[in-house]
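Subject: Structure handover

Hello,

Here is the structure, with the sequence. My notes on it follow below.

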Amino acid sequence: MHLSNNIRLNTAYHFLKQSKREQKMSSFDPYAHLGFSKNPDGTITRLLSKSPTVEANPEPSPGTTVVSKDVTVNAEKKTWVRIFRPTKLPSNDNTVARLPIVIYFHNGGFVLFTPNGIDSHKKCSLIADDVPSIVVSAYFRLAPEHRLPTQYQDAYDAVLWVKNQLNNPNGEKWLRDYGDPSRCYLYGSDCGANIAFNVSMQTADTDLKPLRIRGLVLNQPMFGGKKRTGSELKFAADQVLPLPVLDLLWSMALPKGTDRDHRYCNPMVKGPHHDNVKKVAKCLVVGFNGDIMVDRQQEFVTMLVKCGVQVEARFDQVGFHDIDMVDPARASAVVNIAKDFILG
């Protein structure tokens, strides 16, 4: 009898706790969390659009380890790249050694940020300095004004732009003089990792000579699906990326009329796209067990393995989504893992 009462009390306690959580989540405003206001026509106003940006610094100055410059990719689409290179270039026998080319796609859930944002600029400077490498950080148009697959197309255009610079005698000098076309890597964080994965499938059957994509660095890739995973339920009230915000991001990014089981969001669903997954270059997948999307990321690794893709998966027991954007030690640790993968 005593045991039965305890069970009833425990059940009532958990029901009350769940009910309070649901009430709290039902009053939560995901637009406000992102710093957005929703307009009557379905567009949004980014109230935090004045987030800090950094000017490119093409000329080295004392104490500067990395220089950068902005170059237009497509004037009509208003797309561009920010290129980074280390100021101290390694050499062999008095000849400047060629560096891996890293094409980088930033985070922001498809709706936020640009390559000149302070966080993206710092991340790419770190990659250029630590690997070392020539980093091409690609601008892509944002949702919901431009829905998927616009971001994939802009990223694909950036890859083709790099190829064309290498083939043009008057092409971008930092790429032509210091980049190694045979060692190109696509590197993405959050939605940028999703973009890198999809662009890798697009480029698999494209003649990119002399550019050769050797691998993908997928840092906390952004994926989803209709059926909730354990980590989505466990971290539904996450302070950084709560579930209603994640759902909103997908609703703004996916093509109209589709749901979260579309292959852009959930590539793990069965479909003919798996034939293209088999063509993806080797992958490094980095994640953290406190990330609301960690179960999706691990399902993604399983899918890659089943498709015959060479995968290195590095999941840290401690950490949350985008922890490397706020913790410099974690940022360095992630880049060091990527460095070993790129130079290994």
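Which elements do the buried residues of α11 pack against? They pack against β7 (99–105), α3 (118–130), β9 (179–189), β10 (213–219), β11 (282–288) and β12 (311–316). Helices and strands here are DSSP runs numbered from the N terminus (H or I, at least four residues, for helices; E, at least two, for strands). Packing and touching rest on contact, meaning heavy atoms within 4.5 Å.

On provenance, this is a predicted model, in which local features need pLDDT of at least 70 and side-chain atom pairs count only at pLDDT 80 or more, while totals for chains, interfaces and linings use all residues. Residues are numbered from 1 along each chain as its sequence is written, and side-chain values use heavy atoms, with hydrogens and water left out.

Helix α11

Helix α11 covers residues 328–343, 16 residues in total. From first C-alpha to last it reaches 22 Å, close to the 22 Å expected at 1.5 Å a residue (the expected span is 1.5 Å times one less than the number of residues). Arg330, Ala331, Val334, Val335, Ile337, Ala338, Phe341 and Ile342 are buried in α11. They cover an arc of only 155° around the axis, so they lie on the same side of α11; the arc is taken from the directions from the helix axis to the C-beta atoms. Pro328, Ala329 and Asp340, on the other side, are exposed. Buried means under 20% relative accessible area, exposed over 50%, and partly exposed in between (1.4 Å probe, protein chains only). At the start of α11, a side-chain oxygen of aspartate 327 comes to within 3.0 Å of the backbone nitrogen of alanine 329.

The sheet

Eight strands form an open sheet with mixed pairing, in the order β3-β4-β8-β7-β9-β10-β11-β12. Its edge strands, β3 (66–74) and β12, each pair on one side only. The twist averages 20° from one strand to the next. Two strands count as paired if DSSP finds at least two bridges between them; β7 and β9 have seven, in the parallel sense. Leucine 99 stands opposite glycine 179 in β9. Helix α4 (residues 150–167) packs on the sheet, touching β3, β4 (79–86), β7, β8 (134–138), β9 and β10, and its direction makes about 155° with that of β7. Helix α10 (residues 294–306) also packs on the sheet, where it touches β10, β11 and β12; its direction makes about 160° with that of β12. Axes are lines fitted to C-alpha atoms (for helices, over the stretch in contact), and angles run from 0 to 180 degrees between N-to-C directions.

Helix α10 and valine 294

The buried residues of α10 are Val294, Arg296, Gln297, Phe300, Val301, Met303 and Leu304. Valine 294 has a relative accessible area of 5%. Not counting residues up to four places away in sequence, valine 294 touches Ser231, Phe288, Asn289 and Phe315. Just after α10, glycine 308 takes a positive phi of about 85°.

Histidine 321

Histidine 321 is in the loop between β12 and α11 and counts as buried, at 4% relative accessibility. Its side chain makes a polar contact with that of aspartate 190 (2.7 Å). A polar contact is a pair of N or O atoms within 3.5 Å; within protein, one must be able to donate a hydrogen and the other to accept it, and residues adjacent in sequence count only if both atoms are side-chain atoms.

Regards
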